[in-house]
Amino acid sequence: MDYISGILSGFQVVFQVSNLFYCFVGVFIGTLVGVLPGIGPVGALSMLLPATFGMSPVSAIILFAGIYYGAAYGGSTTSILVNIPGEASSVVTCIDGYQMARNGRAGAALGISAIGSFIGGTFSVVALMFLVFPLAKAAVMFGPPEYFSLICMSMTIVVYLAHGSLIKAIIMAIVGLILSTVGLDFITGVQRFTFGSDTLQDGLGLVPVAMGVFGIAEVLTNLRDHVERTIFNTPIKNLLPNLEEWKRSVWPIVRGSVLGFPLGILPGGGAIIASFLSYGMEKRLSKHPEKFGKGAIEGVAGPETANNAGAGGAFVPLLAMGIPSNLVMALLLGALMIHGVTPGPRMITQHPDIFWGVIASMYLGNAMLVVLNLPLVGLWVKILKIPYRILMPLILLFCLIGAYSLNNNVVELIIMVVFGVVGYCLRRLGYEEAPMVLAFVLGPLLERSFRQSLIMSDGSFMIFVQKPLSAISLAISALLIISSGFSYYKKTKEKIPIDD
Amino acid sequence: MKMKDNQVFAIFFWVGLGVFVMYSSCRFGLGSFRSPGPGLMPFLLGALLCSVSLYFLAISFFSKNAKKGAESETKEEGQSHANIRKIMFAVVSLIVYALVLEKLGYVVATLFLLFGLFWAAGTTRLVAAISSVGTVLLTYFLFSHLGVTFPQGILKFIRA
């Protein structure tokens, strides 16, 4: 199937009334959770996973994809109007977006953010379409050693890019891998860490774990460190930027698109890094870097474009190789597998309706988001004003419904609450949950590849370096570890004279 | 307890977890590298967790910066100590909810849970009651329509 007929068949799928509806609902919910600090796309997807059981796989994935890129759009609204990022990828938008709002240019900031997001998102869909095919063709040749090394590399990158302590991130990744071993062994059927529980025989569920450490832990953290949100009261008018602002935004949008997409492919926080790098690049390239931080439109246009381009890029490893690059992709993987579809190199040929349907829905979803974000900005502002005392019980309830309805099992509710408390404690102690949950998702594939590789090689670890791709992946992992070790050593060495 | 103590406690917890995982893995069967058993992967992970945690303990022990962090964290802890009760209330409510959900049914159990949470969050009793009833009814019909099966509990007779 060539690209043209593929995308046309994708639009045929999307223009079915039910899929149009799910696409709209997805981007609407995505914007909503992006606007509301505290839920996020991971929580929303976890809650809605059971609701997709009655849908076709393509509808489910259209809904989920919509939530994901919708959240990247919605996150910017809170950054600009409240100075609180709805999503991590919108953190950098606070700097100039909020200043623009204070200078009476809230409308222009929201407008350029939506337009930049649309262009970045659309660019990433086109790039995704052209990149997935060659990558999927190559991925067919991958064996267990390649998969093992690729997953090792993905996890090393996730740990390397962690915001806080590197050692804590490594510990979290190991704990995630240990958690993934709970349940029946896939070869021998031996029960591992089940403690006699029937529920644990199937392993820990992704939904209770993810909702616990993200949804419940977020609520508990907010209960402890509640911060009142103050919305900057400014009339939001003139959503289209003026001519001067357009001129200043064109190149940041172009650069944001080109920079964001490849960074989005990187495992862990690609969209976040893309937005930060874009901001740094725009500031460096600007003729007036002193205006940054005081309401420079380039500081909104570039990062907002880059984070949406990055959101699209994150689909590449999932669709081409079946390896999720972030938690949302991990939940998408889970949703597809529940529907009997295994993402990976063969999905494009075995389920072309799903692949092209998702691609086409992303084109349409990006257009829907512009319509949702610009004229309905007043609605999102009103939603922002909902007090947390009303939101908190509702978030908890949706988490409970999501965890229970997956298997109608109260044990999973208890697992979720336990992981909520664990997530809260981890946050208090400065441990990041993302490496743990991503390792938890990738763990079974890692273990399977590891054991299969050893069986293939008759117990020789050389198999991991004899295969070229595997060797390259491991070399990259080793380089990252050495480089982080070196920078840590350098940092400690610099601190010694100060301490003494 | 100071933050520094919490960090040390966490490291010992990871070491303990690593030892437990290694011990359990031996019982699952390690096999050999030629024929890896179900315990091999968890055993290696347990060993790695112990090693990294002990290394972390060693560098934390020698780091002078940890003290600075500990002081600011302790100050912060004191400020929000009052909210610990709210957290405890939310956690206990959720666990009790999980335990009684199937006996009482979704409608009754959720009504009690939501009333407690809304009230604890600072709304008046009237608002808490109205919000709880509204939310329960809305979610019940919405999610039932989406195919979610809720336990009926003591209200089983209504449907019968």
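This is a predicted model: local features need pLDDT of at least 70, side-chain atom pairs count only at pLDDT 80 or more; totals for chains, interfaces and linings use all residues.
I'll start with chain B. Its secondary structure amounts to seven helices and zero strands. Read from the N terminus, the order is α-α-α-α-α-α-α. The chain has 160 residues, and 29% of them count as buried. As for contacts between residues at least 6 apart in sequence, 55% of those in chain B join residues at least 24 apart.

Next, one helix of chain B, H2. H2(B) has 23 residues, and its first and last C-alpha atoms lie 33 Å apart, close to the 33 Å expected at 1.5 Å a residue. Which residues of H2(B) are buried? They are Leu40(B), Met41(B), Pro42(B), Phe43(B), Leu45(B), Gly46(B), Leu49(B), Val52(B), Ser53(B) and Phe56(B).

Now the packing of H5 against H6 in chain B. Two packed helices are described by the angle between their axes and the distance between the axes. For H5(B), residues 106-120, and H6(B), residues 125-145, the axes come within 8 Å and cross at roughly 140 degrees. The crossing is right-handed. On the H5(B) side the contact is made by Tyr106(B), Val107(B), Thr110(B), Leu111(B), Leu114(B), Phe115(B), Phe118(B) and Trp119(B). H6(B) contributes Arg125(B), Val127(B), Ala128(B), Ala129(B), Ser131(B), Ser132(B), Val133(B), Thr135(B), Val136(B) and Tyr140(B). Sorted by class, the residues of this contact are 13 nonpolar, four polar and one charged.

That brings me to the interface. On the chain B side 50 residues are in contact with 47 residues of chain A. Which helices of chain B each supply at least two residues to that side? They are H1, H2, H4, H5 and H6. H4(B) gives the most, with 10 residues. The side of chain B that touches chain A has 29 nonpolar, 17 polar and four charged residues.

The axes of H19(A) and H5(B) come within 9 Å and cross at roughly 145 degrees. This crossing, too, is right-handed. From H19(A) the contact takes Met392(A), Pro393(A), Leu396(A) and Leu397(A), and from H5(B) it takes Thr110(B), Leu114(B), Leu117(B) and Phe118(B). By class that is seven nonpolar, one polar and no charged. Thr110(B), Leu114(B) and Phe118(B) also belong to the contact of H5(B) with H6(B).

Staying with H19(A), which covers residues 388-407, one of its residues is Ile390(A). Ile390(A) is partly exposed, because 15 other C-beta atoms lie within 10 Å. Ile390(A) and Pro468(A) are separated by 78 residues in sequence and by 55 Å in space, C-alpha to C-alpha.

Further along chain A, Tyr431(A) sits in the loop between H20 and H21. Is Tyr431(A) buried or exposed? It counts as buried, because 23 C-beta neighbours are inside 10 Å and the cut-off is 20 or more. Leaving out residues up to four places away in sequence, Tyr431(A) touches Lys168(A), Met172(A) and Leu426(A). Tyr431(A) and Arg389(A) are 42 residues apart in sequence and 27 Å apart in space, C-alpha to C-alpha.

Then comes H21(A) itself, residues 434-456. At 1.5 Å a residue its 23 residues should span 33 Å, and the end C-alpha atoms are 32 Å apart, which agrees. There is a kink of about 45 degrees at Leu442(A), shortly before the proline Pro444(A). H21(A) is mostly covered, with 17 of its 23 residues buried.

Most residues other than glycine have a negative phi. Asp458(A) lies in the loop between H21 and H22 of chain A. With 10 other C-beta atoms within 10 Å, Asp458(A) is exposed. The other is Phe195(A), not a glycine either, with a positive phi of about 50 degrees. Phe195(A) lies in the loop between strand E2 and helix H9 of chain A. Phe195(A) is exposed, because 7 other C-beta atoms lie within 10 Å and the cut-off is 12 or fewer.

Notes
Residues are numbered from 1 along each chain as its sequence is written. Chains are lettered from A and ligands numbered from 1 in the order in which they are written. Helices (H or I, at least four residues) and strands (E, at least two) are DSSP runs, numbered from the N terminus. The expected span of a helix is 1.5 Å times one less than its number of residues. The bend at a residue is the angle between axes fitted to the seven residues ending there and the seven starting there. Axes are lines fitted to C-alpha atoms, for helices over the stretch in contact, and angles run from 0 to 180 degrees between N-to-C directions. A crossing is left-handed if the near helix is turned anticlockwise from the far one by less than a right angle, and right-handed if clockwise. Two residues are in contact if their C-beta atoms, placed from the backbone, lie within 7 Å. Ala, Val, Leu, Ile, Met, Phe, Trp, Tyr, Cys and Pro count as nonpolar, Asp, Glu, Lys and Arg as charged, and the others, Gly among them, as polar.
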